[in-house]
Amino acid sequence: MIEAAKVAIVIAHGSLASGLVSAMEKVLGPQPNVFWLSNGGKTPETLEREIQALVARQPAGSQVYLLSDLRGGSCGTTSLRAARRTGVRGVFYGTNLALLLEFVLHQDLPPEAFFEALVSKARTAVDGVAIETGGSAEPAGSSR
Amino acid sequence: MKVLLFRVDDRLIHGQVILGWGRRFRPQRLIVVDDRIAGDPWERELLGSAAPPEVAAEFLSVGAAARALRADGGPETAFVLLETPRSAVRLAEAGYVVPELNLGGLHREGGLRLTAYLFLSPDDVAAVRALHAAGTRVYAQDVPDARRLALEDLLREQETPLRREAR
């Protein structure tokens, strides 16, 4: 069965949301189902109204997801508040570029698998390499 | 209870409060004073989930908060968070005058711009003036390392051009 179009609204502090969407489109090209909002200079009520208006503009049957930045931050809290009052299918926290790329690439997955796949990808995308002075670099957390 | 910060912020519990101020001063409690939120279980749960696990979030009506602030001399540390300056006026009317009030985020549409994070409605301005009259020192400061600015000075700067025009 073909799932209805999944729509992403990225909601973040400052210019993070526009930056994430811009970076994702550099990789995958323009995406008509991906939108962004910033909380800059807005009350939580204003941001919530903007989210609701954007959700209402989507074609009937669309699966709308809110991709917010910081759990416990105003964007995350407002996203959840807006989701409660609209037909939004889910809210993600901690959105990074990997999560947004997967969102676009996994349009065909059913909702449960979709959530799991995106969160898993976003988590594993966070990694680091500790550079020891005078030593060789190896992936953080690896053991030999 | 030792209140480390009284703050007006229309976002209440959020990143600047938890990470900016919270990591610096390590309060044990975050107390949101708001009649509407205190009576709304869903909002309490939503905002409570924004607090870090080691910090207790509490939601009190203005009346309950005034009683707690007047009575409590315990050792626990807290931030008290208000949505608008009017809530601090109501606290004063209920018997507790806030000694120092931080304005950290008010974003009224079409409001008077005092800083990049303070846009005040006429009622906010009236509330700030009432707080001054009651003895509260009101200041603007979004994060701990930012400059602390006296609201009196910011409001005076706003008024000066108007007075000049009127002459």
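Rings of Phe, Tyr and Trp count as a pair if their centres lie within 6.5 Å. The model discussed here is predicted.

Q: Which residues of chain A do ring pairs link into a cluster?
A: A search of the whole structure finds 8 aromatic pairs over all chains. In chain A, ring pairs join several residues into one cluster, and the members of that cluster are Tyr65(A), Phe92(A), Phe103(A), Phe114(A) and Phe115(A).

Q: What kind of aromatic pair do Tyr65(A) and Phe92(A) form?
A: Planes under 30 degrees apart count as stacked and those over 60 as edge-to-face, with the rest taken as tilted. The centres of Tyr65(A) and Phe92(A) are 6.1 Å apart and their planes make 35 degrees, so by these cut-offs the pair is tilted.

Q: How many residues apart in sequence are the parts that the pair of Tyr65(A) and Phe92(A) ties together?
A: Tyr65(A) is buried, its relative accessible area being 0%, and Phe92(A) is likewise buried, with a value of 2%. Because Tyr65(A) belongs to strand β3 of chain A and Phe92(A) to strand β4 of chain A, their pair ties together parts whose separation in sequence is 27 residues.

Q: Which residue lies over the face of Phe114(A)?
A: Phe114(A) is one of the residues in the aromatic cluster of chain A. At 4.8 Å from the centre of the Phe114(A) ring, over its face, lies Lys6(A).

Q: Why is helix α3 (residues 74-84) of chain A largely enclosed by the rest of the structure?
A: The buried residues of this helix include Ser74(A), Cys75(A), Arg81(A) and Ala83(A). Helix α3 of chain A is largely enclosed because the buried residues number 9 of the 11.

Q: Which element of chain B do the buried residues of α3(A) pack against?
A: Within chain A, the buried residues of α3(A) pack against β1 (6-12), α2 (44-56), β3 (63-68) and β4 (90-92). Strands β3 and β4 of chain A also hold Tyr65(A) and Phe92(A), respectively. From chain B, the element packed against is α3 (41-48).

Key:
Residues numbered from 1 in each chain as written. Chains lettered and ligands numbered in written order. Predicted model: local features only at pLDDT ≥ 70, side-chain atom pairs only at ≥ 80, totals over all residues. Heavy atoms only, no water. Buried < 20%, exposed > 50% of the residue type's maximum accessible area, 1.4 Å probe, protein only. Helix = DSSP H or I, 4+ residues; strand = E, 2+ residues; numbered from the N terminus. Contact = heavy atoms within 4.5 Å. Phe/Tyr/Trp six-rings, centres within 6.5 Å; stacked < 30°, edge-to-face > 60°. Lys NZ or Arg CZ within 6 Å of the ring centre and 35° of its normal.
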